[in-house]
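Please read these notes with the model open beside you.

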Amino acid sequence: MAQVEFRNVVKTYGAFEAVKDVSFTVGDGEFVALVGPSGCGKTTTLNLIAGLLDITNGEINVGGRRINDLDPKDRDIAMVFQNYALYPNKTVRQNLGFPLKMRKVAKPEITRKVEEAAALLDITHLLERRPRELSGGQQQRVALGRALVRDPQVFLMDEPLSNLDAKLRVQMRAELKRFHQDLNATVIYVTHDQLEAMTMADKMAVMSGGVLQQYDAPERVFSEPANLFVAGFVGSPAMNLLPASVEDRGGTVYAVGQGWELPLSPRNAACAKKASGSEIVLGARHSTLLLHDTETPDAIPAKIYTVEPTGDLTYAHAEVDAKTIVISTDPQRRIRADQQVWIEIDQERLHIFDAATEERIPPD
Ligand code: ATP
């Protein structure tokens, strides 16, 4: 396995810049998820590593070797796509062995590698079947097996689970994670599903508009989002974001919104004062908010819009001015639409963003 290094990589399609000066390093044996909304440049980035697209500027190194000008077949990289592209008329055994046959590997060696991969992926009993006789999850495992037999330096996966139903996705997610742990493989995995990225990856590369927004461990991306985009993209439900102005009133710093104001704790006041202007955005996850039925000091007045029970938790959607705030509550609790409530914010877990630069202002 190998390390993959992106250095100031740019990809343009005509005048359009799909990947803008992206730099990051995937460590040997790491599982990195490239995540972001549709059109942010994930697939383009993956195709640049695979060699399916030419790099406009910058360089990509795999295992210390510059691969910009290498032919795709010489890159020693295996790709698993969302449509598995299995050969319909070949058996699973033949599908698995095909990449090796093309490389003129000796037959006994092909048999050994195919059987090894089949055992690892628990598809030995399916070896003589054809793809149409397999479930979606089984086909996905065969596609993975076909990449595996090549023993590549890097695995690239482009939304490999997106064709599966919800239950199977969760199961395959765990299997892929296990596969990575067992092999200690270097994996770069594209998904638009932030939960998939959070649960599987060692690191997440969050992209938007061709720009790498944050590259960090999932816990860090979740608890210390670099900017408003990451804060809004990672986590479900998304982080609540409330625009406010900063006002210093005789030593107490307030965040003032439409119809509410909140005296900031010393930690948050110090952050707010570092903003480039007087406008900030407060960021609070649903689990850091407390709902009160009666007026409570330093709590923000709001009106319940709707209530969403999910079983373990109930999500109350409350309107603060024109913004909707989501608060998780105990399912036993009675809340009804149009009810007046007050939202208390846990200021130890509140984030302050600079409204002008959209960057998070970290506490000292
Ligand atoms: P999705 O999740 O929808 O697959 P993505 O993040 O993988 O999206 P890319 O496929 O990498 O996005 O595309 C990035 C941007 O580049 C998009 O705006 C897309 O329209 C544009 N793009 C992709 N291929 C081409 C092309 N051949 N010519 C021009 N623009 C392209």
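1. In this predicted model, the largest pocket has a volume of about 610 Å³. A pocket here is an open set of points on a 1 Å grid over the protein atoms alone, with protein on both sides within 12 Å along at least five of seven lines, and its lining residues have an atom within 4 Å of a point. The volume is the space filled by probe spheres set on the points, which are joined across faces, edges and corners. The lining has 22 residues, and those closest to the pocket centre are Ile77, Ala78, Met79, Pro99 and Arg150.

2. Which elements give two or more residues to the lining of the largest pocket? They are β6 (77-80), α2 (92-102) and α4 (136-148). Helices (H or I, at least four residues) and strands (E, at least two) are DSSP runs, numbered from the N terminus. The most comes from β6, with four residues. Sorted by class, the lining holds 16 nonpolar, one polar and five charged residues. In this sorting Ala, Val, Leu, Ile, Met, Phe, Trp, Tyr, Cys and Pro are nonpolar, Asp, Glu, Lys and Arg are charged, and the others, Gly among them, are polar.

3. The second largest pocket has a volume of about 280 Å³. Its lining includes Lys90, Arg93, Gln94 and Gly97, and also Lys107, Ile110 and Thr111. Two or more residues come from each of α2 and α3 (107-120). The most is given by α2, with five residues. By class this lining divides into three nonpolar, three polar and four charged residues.

4. Rolling a probe the size of a water molecule over the atoms shows where empty space is left. A cavity is a set of grid points where a 1.4 Å probe fits but cannot get out. The count comes to two cavities of 30 Å³ or more.

5. The largest cavity has a volume of about 80 Å³. Among the residues that line this cavity are Asn240, Leu242, Leu282, Gly283, Ala284 and Leu350. The elements that give two or more residues to the lining are β11 (240-249), β14 (279-284) and β19 (340-345). The largest share, three residues, is from β14. The lining has ten nonpolar, two polar and no charged residues.

6. The second largest cavity holds about 30 Å³ of space. Arg267, Cys271, Leu350, His351, Ile352, Arg360, Ile361 and Pro363 line this cavity. Two or more of the lining residues come from each of α9 (266-273) and β20 (351-354). By class there are five nonpolar, one polar and two charged residues.

7. Ala244 stands opposite Ile280 in β14. With strand β12 (residues 252-257), β11 pairs in the antiparallel sense over five bridges. The hairpin formed by β11 and β12 has two residues between the strands, and Gly250 in the turn has a positive phi of about 60 degrees.

8. A polar atom of the Thr191 side chain lies 2.9 Å from the backbone nitrogen of Asp193. The side chains of Thr191 and Glu196 make a polar contact (3.3 Å), that is, a pair of N or O atoms within 3.5 Å, where within protein one must be able to donate a hydrogen and the other to accept it, and residues adjacent in sequence count only if both atoms are side-chain atoms. Leaving out residues up to four places away in sequence, Thr191 touches Leu34, Val35, Gly36, Lys42, Glu159, Glu196 and Ala197; contact means heavy atoms within 4.5 Å.

9. For the whole chain, there are nine helices and 20 strands. Of its 364 residues, 52% count as buried.

10. A note on reading the values. Residues are numbered from 1 along each chain as its sequence is written, and side-chain values use heavy atoms, with hydrogens and water left out. As the model is predicted, local features need pLDDT of at least 70 and side-chain atom pairs count only at pLDDT 80 or more, while totals for chains, interfaces and linings use all residues.

Terms used:
Two strands pair if DSSP finds at least two bridges between them. Buried means under 20% relative accessible area, exposed over 50%, partly exposed in between (1.4 Å probe, protein chains only).
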